[in-house]
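Biologist: Pick one part of this model and take me through it closely, please. I'd also like to hear how far the predictor backs it.

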Amino acid sequence: MALDYSAPKNIQYAYKLEGFDTAWQYVGNQRSATFTNLNPGNYTFRVKATNGDGVWGSNEAVLHMTVLSPWWRTGWFMGLVLLTLSALGFAFYSYRIWQIKEKEAIKTSLNKRITEVKMEALRSQMNPHFIFNALTSINLFILKNDTETASYYLNKFSKLMRDVLDHSRSELISVEEEINTLKLYVDIEKMRFKDNFNFILDIQPTANVADIKIPPLIIQPYVENAIWHGLKHKKDGKGVLKIAVFEEADYLHIVVEDNGIGRAKVMEQKKASTTQHKSHGLNVTEERIRFFNETMAAQASIETIDLKDNQHNAIGTQINFKIKI
């Protein structure tokens, strides 16, 4: 440093911050130095000065100093940030896993419920009154000591119940299986109605009934409806129930036809009657057909036709179920 008490204002200064400056900084008689962008680390601050005659002194003032890192650049803070980010990442990952599991659980629950509803819908197709009345009719044969007939129909009834139970475990069955179940059902209904109607089953020999799949018991409610609403109240002549199966124009048709009183007459009787047999499963069956088309990409439909003679009198009803093959 330089001492000159006679002319202190003539003293000139220079400084150099080793580790930052590459050369001496000559600042005249300025007595301060400012640094605003120093990186953390160790520095040596050197200052030299002249006397009043402008001669630089040989002695230097030396100051060793250390610039500390700001708190947000310290190792503990970076570690805390890393730990926080890791915790947030893990929390987000866990939340996403929980969301996925929750969605899958909901989906599984819904699928299970859909399956249960489908099974309930399928079982509802078989009218509980039919089951009770069929067993009552079979019991009458036993009371009349006609055990041979009772055994014959009881075997058919047992086979029908087994088919219904087996079909309830399957989403689809073959048309052949559906027809076999319908035959059992109609045979038992004929027994209950004491053969008051004839049953005709006409299957086209070339129809592929073994391989084409449909929802189980999809036709039974319409057969039940034909018997209970069309044929039961027929007064003129013997009733006829016909089921025809054939292929036409890339479709397999299952046609249920009766020569009963027709839908208009049935509606009149329903309005006049306080107690009437309720047709089971028709609305449910239409929903099942829609569900079948949506889930299996099938093209199935059902159509109801009122049959009339030349004078426009009702002569029965025809149900046409068809599926693209």
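Modeller: Here's a walk around helix 5 and its packing, with a bit of context first. This is a predicted model, with local features needing pLDDT of at least 70 and side-chain atom pairs 80 or more, while totals for chains, interfaces and linings use all residues. Numbering runs from 1 along each chain as its sequence is written, and side-chain values use heavy atoms, leaving out hydrogens and water.

The protein has seven helices and 11 strands (DSSP runs numbered from the N terminus: H or I of at least four residues, E of at least two). Mean pLDDT (the predictor's confidence in each residue, 0 to 100) is 84 for the protein, and 88% of its residues get to 70 or more. Of the 325 residues, 34% are buried (under 20% relative accessible area; exposed is over 50%, partly exposed in between; 1.4 Å probe, protein chains only). Looking at contacts (heavy atoms within 4.5 Å) with a separation of 6 or more, 66% join residues 24 or more positions apart.

Now for helix 5, residues 220-231, starting with helix 4, residues 175-192: the two pack at about 20°, axes 10 Å apart. That makes them roughly parallel (under 35 degrees; over 145 is roughly antiparallel, 65 to 115 roughly perpendicular, the rest oblique). From helix 5 come Gln 220, Val 223, Glu 224, Ile 227 and Trp 228, and helix 4 answers with Glu 178, Leu 182, Tyr 185, Val 186, Glu 189 and Arg 192. Sorted by class, that contact holds six nonpolar, one polar and four charged residues (Ala, Val, Leu, Ile, Met, Phe, Trp, Tyr, Cys and Pro are nonpolar; Asp, Glu, Lys and Arg charged; the others, Gly among them, polar).

Helix 5 also packs with helix 7, at about 155° and with axes 9 Å apart, so this pair is roughly antiparallel. Here Pro 221, Tyr 222 and Asn 225 of helix 5 meet Leu 282, Thr 285 and Glu 286 of helix 7. The class count for this contact is three nonpolar, two polar and one charged.

One more stop on helix 7, which spans residues 282-296, is Phe 291. Phe 291 has a relative accessible area of 29%, so it's partly exposed.

How values were computed
Axes fitted to C-alpha atoms, helices over the stretch in contact; angles between N-to-C directions.
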